[in-house]
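Me: Can we go through the charged pairs in this model, and then look at one of the helices?

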Amino acid sequence: MLVLEPDKGILRKAGKKELYEAVYLLTMLIPIGKVTTYKSIAKILGIHPRTVGIVLKKNSKPIIVPCHRVISSNGSIGGYSWGGKNVKKKLLEIEGVRIIGEKVDPEYIIDIGEQLIS
DNA sequence: ATTTGCTCAGCTC
DNA sequence: GAGCTGAGCAAAT
């Protein structure tokens with residue numbers, strides 16, 4: 001069980017390595033067929049959404065870390081350095097996420113924080 | 001729908 | 001150390 005304190009910025013103090021591990025871990029917690037947002041992850045870790053994007057782009061293991069399940073907070077796809085957003089969209093559709101035009105159906109967007117309550 | 005300002009880790013010089 | 005580049009966000013236009 002992972003417990004993090006949102007408003008304390010604990011990972012900022014913990015160092016970059018911890019930061020990377022935490023982002024990857026949270027990303028891997030996203031259930032298949034659902035997506036979450038950069039903002040959601042950032043809020044939990046006490047960092048800025050931009051930083052989450054940086055970490056995922058730097059992602060050394062695109063296979064084991066399903067970074068395609070992380071999208072922008074407005075529902076649009078965001079970016080994907082592993083084949084472009086076309087591929088990202090297709091991956092999501094394969095997993096059962098409905099995509100309307102260039103945006104993900106809000107019905108499929110969850111707050112990753114809810115996944116930590118278990 | 002588009003523009004503007006804020007943000008910060010990483011890269012280059 | 002200074003400056004630019006992004007897988008973002010929110011508010012204003």
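Me: How many salt bridges does a search of the whole structure find?
Reply: The search finds three salt bridges, each being a side-chain nitrogen of Lys or Arg within 4 Å of a carboxyl oxygen of Asp or Glu. This is a predicted model, where local features need pLDDT of at least 70 and side-chain atom pairs count only at pLDDT 80 or more, while totals for chains, interfaces and linings use all residues. Side-chain values use heavy atoms, without hydrogens and water, residues are numbered from 1 along each chain as its sequence is written, and chains are lettered from A and ligands numbered from 1 in the order in which they are written.

Me: Which residue does K89 pair with, and where do the two sit?
Reply: K89 forms a salt bridge with E102, with 3.3 Å between the closest N and O atoms. K89 lies in helix α5 and E102 in the loop between β3 and β4, 13 residues apart; helices (H or I, at least four residues) and strands (E, at least two) are DSSP runs, numbered from the N terminus.

Me: Is K89 buried or exposed?
Reply: K89 is buried, at 18% relative accessible area, whereas E102 is partly exposed at 45% (buried is under 20%, exposed over 50%, partly exposed in between, with a 1.4 Å probe and protein chains only).

Me: Switching to the helix, which residues of α5 are buried?
Reply: In α5 (residues 84-94) they are K88, K89 and L92. Seen down the axis, they fall within an arc of 100°, so they line one face of the helix, the arc being that of the directions from the helix axis to the C-beta atoms.

Me: And which are exposed on the other side?
Reply: There, N86, K90 and I94 are exposed.
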